[in-house]
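Visitor: I am new to this structure. Could you walk me through it?

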Amino acid sequence: MKKPVLTIVVPCYNEEDVFQETARQLTAVLQNLQTEHLIAPESKLLFVDDGSRDRTWSLIVEESKKNPFVTGVKLSRNFGHQRALLAGLEAAKEYSDCVISIDADLQDDVRVIREFVVKYWEGFDIVYGVRRSRETDTFFKRATAQGFYRLMKKIGIHLVYNHADFRLMSKRALEELSRYGEANVFLRGIVPLLGFRSTEVFYDRKERFAGESKYPLKKMLAFAFDGMTSFSVAPIRFITLIGFLSFLLSSVAGIYALIVKLLGHAQSGWTSLMISIWLIGGLLLMSMGLIGEYIGKIYQEVKRRPRFTIEENLYNNTQQKERVNV
Ligand code: UDP
Ligand code: MG
């Protein structure tokens with residue numbers, strides 16, 4: 001087999017604190033892989049600047065001038081982690097045989113990248129990095145994440161347990177991924193749907209090297225909710241079920257009320273009336289909200305807006321230059 005061109009895609013949002021260290025460690029990884037003849041010399045580190053407001057982009061540009069491995073793509077504004085990642089994957093796919101995605105904060109163990117590549121040589125199209133334990137996460141993050149996986153499984157969404165966006169994908173897997181044109185990008189849900197031969201590699205997740213999490217609770221909840229409603233109509237079914245049950249219950253109550261009335265000792269049931277009005281009102285509002293959520297999704301999807309916009313692309317420039325030189 002020909003040595004594959006590997007591109008490591010790193011989404012960065014306000015990562016000036018970690019950028020240099022990340023670039024250093026990943027460069028070392030690429031160098032080692034090259035000396036081992038596991039990857040082609042054209043392999044690259046592709047940093048995607050997701051509209052950072054700090055010095056991240058200028059650091060990327062500077063680094064790309066002195067480090068031949070480093071290159072970058074700048075998005076025109078903050079599009080969020082998933083779309084930034086997608087932008088990187090789409091850009092990298094053209095010139096690479098396989099692409100690895102990893103977060104900028106070095107929480108994922110860069111040493112397992114070698115294992116990813118070995119698996120690629122063995123013929124796997126998708127290699128998932130799976131966290132062995134979540135000891136370094138805060139208790140809160142751990143609990144919410146576990147709850148999330150459990151819930152997703154319940155409603156029928158297949159996710160790889162404890163796998164974030166640290167994975168290798170082959171060119172043909174990426175090409176398939178491009179055909180999933182949805183605006184609500186939830187890569188962890190889409191990638192298992194691609195099929196192909198896939199495997200898992202285990203590693204220990206570390207603390208963030210520096211800087212702080214770009215996923216505060218609000219974003220995390222939004223992410224979980226998006227993941228759920230983009231992949232499953234189970235929540236809508238659940239609402240239908242509740243509606244049906246409450247209908248049954250109120251029919252029984254209605255019959256009871258009728259019997260009481262016929263027997264002649266009907267007390268004007270003010271309490272029960274009020275309770276049921278509130279109950280039904282609440283149920284209705286809840287169902288409408290949930291259905292509205294899906295309609296909102298449909299609205300977003302039918303607009304077919306571009307999912308990201310690239311403002312500057314060092315990667316294409318360098319690749320084209322290198323091609324001319326070859
Ligand atoms: N990120 C991004 N755009 C955003 C938020 C985050 O590109 O809007 C990147 C961030 O720079 C990092 C990765 O996504 O490389 C994961 O973010 P973070 O480490 O903050 O998330 P956590 O590990 O806390 O879930
Ligand atoms: Mg992180």
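Visitor: What area is buried between domain 1 and domain 2?

Guide: Keep in mind that this model is predicted. The size of an interface is often given as the accessible area lost when the parts come together. Carbon and sulfur atoms give 56% of that area here. The area buried between domain 1 and domain 2 is about 700 Å².

Visitor: Which three residues supply 60% of the area that domain 1 buries against domain 2?

Guide: The domain assignment gives domain 1 as 6–231 + 306–325, and domain 2 as 234–303. Domain 1 brings 10 residues to the contact, and domain 2 brings seven. One trio in domain 1 supplies more of its buried area than any other three residues: Asn184, Phe225 and Thr229.

Visitor: How much of the accessible area of ligand 1 does the protein cover?

Guide: A polar side-chain atom of Arg205 lies 3.1 Å from an oxygen atom of ligand 1. For Gln107, again with a polar side-chain atom, the distance to a ligand oxygen is 2.8 Å. On its own, ligand 1 has 530 Å² of accessible area, and the protein covers 95%.

Visitor: How many residues of the shell around ligand 1 are charged?

Guide: In total, 20 residues surround ligand 1, with Glu15, Asp50, Asp105, Ser213 and Lys214 the closest. Six residues of the shell are nonpolar and five are polar. The charged residues number nine.

Methods:
Residues are numbered from 1 along each chain as its sequence is written. Chains are lettered from A and ligands numbered from 1 in the order in which they are written. This is a predicted model: local features need pLDDT of at least 70, side-chain atom pairs count only at pLDDT 80 or more; totals for chains, interfaces and linings use all residues. Side-chain values use heavy atoms; hydrogens and water are left out. A residue is near a molecule or strand if one of its heavy atoms lies within 4 Å of it. A polar contact is a pair of N or O atoms within 3.5 Å; within protein, one must be able to donate a hydrogen and the other to accept it, and residues adjacent in sequence count only if both atoms are side-chain atoms. Accessible areas come from the Shrake-Rupley method with a 1.4 Å probe; for residues, only the protein chains shown count as cover. Ala, Val, Leu, Ile, Met, Phe, Trp, Tyr, Cys and Pro count as nonpolar, Asp, Glu, Lys and Arg as charged, and the others, Gly among them, as polar. Domain bounds come from an automatic or database domain assignment. Contact means heavy atoms within 4.5 Å. Buried area is the accessible area (1.4 Å probe) that two parts lose on being put together, summed over both.
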